[in-house]
Each structure stands twice: as structure tokens, then as C-alpha cells.
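Where do charged side chains pair up in this structure, and which parts of the chain do those pairs connect? The sequence and model are shown below.

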Amino acid sequence: MASSQYVRATPPPPLRPLITEISGYRLHSAPGVHRGLPSPSLTAIIALDETVDVTFDTGHQLSCTALVGGLHSRPAHIPYGELQHGIQLELTPLGARARLGVPAAELAGTGVELADLLGRASAELTERLRPAGTWSERFALLCTVLHRIADPASLPSPELDRVWRRLIESDGHVPIGELAAAVGWSRQHLTARFRREFGPSPKLLARVLRFQAARRRIVTGARTSLADIAADCGYTDQAHFNRDWREFSGMAPSQWIAEELPFVQGAQHLGDAPWVA
């Protein structure tokens with residue numbers, strides 16, 4: 001990689017239930033294909049040069065300047081050229097309701113152009129962000145628009161909110177039967193209500209969370225074996241770990257480490273940018 005910038009912004013406390021992270025990137029590299037991996041966040045991308053091209057596992061393709069992808073359980077494929085320049089937001093399901101006006105389930109496994117959800121505000125974001133000279137200025141502009149378009153939102157029930165939070169906080173380690181009992185629902189009722197609101201079942205989300213926990217361990221350079229990481233992240237055995245990794249990333253963990261890890265770790269991290277509201 002010839003040169004790169006990667007800047008992460010932590011949202012202010014009032015926005016953290018809606019947006020877990022905002023990042024800005026300007027990356028120079030040889031052309032290739034990036035794999036967008038499953039996570040507990042919906043992802044919005046605003047391109048500051050050219051367009052973003054994404055192919056989802058369903059075969060649905062998007063090519064636009066701003067898009068949002070829902071929760072998914074297979075990697076999305078994102079081809080890129082020599083320059084990648086844009087801003088990415090990680091939205092919680094509550095953030096999807098407040099910022100986009102839809103439940104996360106409506107976008108599960110696919111994506112849409114941001115303009116289809118935000119109308120004129122989507123074009124305004126691109127028009128105002130592209131000429132900005134610094135990441136701090138871009139984040140401040142982004143914050144201004146997001147505050148203006150936000151609508152009050154809440155999840156349909158406190159039970160769903162409680163189950164979602166426990167899964168996130170435990171990295172998917174709480175048994176689904178225990179979660180159902182804690183909110184006074186049957187396991188079947190919980191699964192049906194959970195899928196109606198979020199898209200994936202609670203069991204599938206728990207698997208994604210364990211996968212993400214293992215990926216974080218690898219990315220941060222944990223000096224331990226894959227077998228140890230698998231055990232620490234709640235996998236019953238190495239075979240179970242390998243099956244989930246293939247399903248969620250499209251390749252074996254050793255192949256992902258060889259092909260994707262240098263890209264993930266290669267960007268120069270410039271520290272958390274100040275958020276100006």
C-alpha cells in the first residue's frame with residue numbers, strides 16, 4: 001500500500017445508542033475486492049470520490065455515491081480501484097429507525113441507495129462533504145445533517161431491546177433459551193419477534209458476534225493460536241470455528257489472514273478525530 005489514512009470518530013454520548021462508530025478513509029492500493037463481513041451494525045457508506053460498488057450474497061448489486069447495507073450473514077463483495085475515499089457509519093438497529101426511518105429487518109441481507117431513504121438529505125451530505133478540507137470538518141458537517149434529519153425512535157418493545165443488549169454485551173455467549181426466559185417469552189416467540197425487527201434470528205446474531213470477537217482478536221494481533229482464539233470466543237471445537245469462518249467470510253481463517261489482514265491492518269491510524277456537534 002503506497003499511502004493511507006484511516007480516522008475514527010467516536011460519537012458523542014447522545015448518539016452512541018444510534019451510531020457506534022464513524023470512520024473516514026483515503027486509501028491508495030492496487031485494485032482488488034474487499035469483503036464486507038457480517039457484523040451487528042448496519043453500514044452506511046458515503047463515497048467522496050467516484051462511486052461505491054457492492055454485490056451482496058443474494059446477487060443484488062448497487063453502484064452509487066451513498067448506500068446503506070443491512071445486517072447480513074454472508075460477505076458482501078466490494079471491488080475497488082487505486083483510490084478509496086469516503087466515510088463509513090456503523091448504525092445500530094435503533095439508529096436505523098431514527099436516522100433512516102426503517103426497522104433493520106427491512107434491509108437485512110441487502111442494501112439500498114441512501115437517497116431512497118433520506119431523499120434530498122443524501123445528496124446534501126455528498127455535496128457538503130466532498131469539498132471539506134479536513135476529517136474534523138467532514139465529521140462536523142455530517143453531525144449537523146444527522147442531527148437535523150433524526151426522528152425520535154424506540155424499539156417496538158423493551159423485551160427486544162433487552163435481548164439485543166445482552167447479546168451484544170456478551171459477544172453472543174448467552175443461551176437463547178435463557179434470553180427468552182429472562183423476558184418471559186417462549187423461545188419460538190422470541191425468535192419470531194426478533195427476526196421481524198432485526199432480520200437475523202437471535203441464534204444467528206450470536207454466531208456473528210462470536211465470529212466478530214474472534215476477528216477482533218486476530219486484527220489486534222493477539223499472539224495466540226487460532227485454536228486458543230476459538231476456545232476463548234465460545235466455539236466448541238476448531239471445526240466449528242472453521243465452519244463459521246467460512247460461512248461468514250467466504251474463506252478459511254488462514255486464507256483470510258493471508259489476504260485480508262494486511263489490508264485491515266495496513267491503514268495508518270491517525271487517532272480519534274474530535275467530534276464537533
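The paragraphs that follow go through the salt bridges of the structure.

The model is a predicted one. A search of the whole structure turns up 13 salt bridges, and a few of them are described here.

Start with Arg-26 and Asp-49, whose side chains form a salt bridge with an N to O distance of 3.7 Å. Arg-26 sits in strand 2 (residues 19–28), while Asp-49 belongs to the loop between strand 4 (42–47) and strand 5 (52–55); the two are 23 residues apart, and the pair links distant parts of the chain. Arg-26 is partly exposed, at a relative accessible area of 30%, and Asp-49 is partly exposed as well, at 31%.

Next comes the salt bridge between Asp-171 and Arg-216, where the closest N and O atoms are 3.2 Å apart. Because Asp-171 lies in the loop between helix 5 (158–169) and helix 6 (176–183) and Arg-216 lies in helix 8 (residues 202–219), this pair ties together parts that are 45 residues apart in sequence. Asp-171 has a relative accessible area of 23% and is partly exposed; Arg-216, at 41%, also counts as partly exposed.

Helix 8 also holds Arg-207. The side chain of Arg-207 meets that of Glu-247 in a salt bridge of 2.7 Å, N to O. Glu-247 is in helix 10 (residues 238–249), so the pair ties together parts 40 residues apart in sequence. Arg-207 counts as buried, because its relative accessibility is 17% and the cut-off for buried is under 20%. Glu-247, at 22%, counts as partly exposed. Both residues belong to a network of salt bridges that also includes Arg-74 and Asp-244.

Note on methods:
Residues numbered from 1 in each chain as written. Predicted model: local features only at pLDDT ≥ 70, side-chain atom pairs only at ≥ 80, totals over all residues. Heavy atoms only, no water. Salt bridge = Lys/Arg side-chain N within 4 Å of Asp/Glu carboxyl O. Helix = DSSP H or I, 4+ residues; strand = E, 2+ residues; numbered from the N terminus. Buried < 20%, exposed > 50% of the residue type's maximum accessible area, 1.4 Å probe, protein only.
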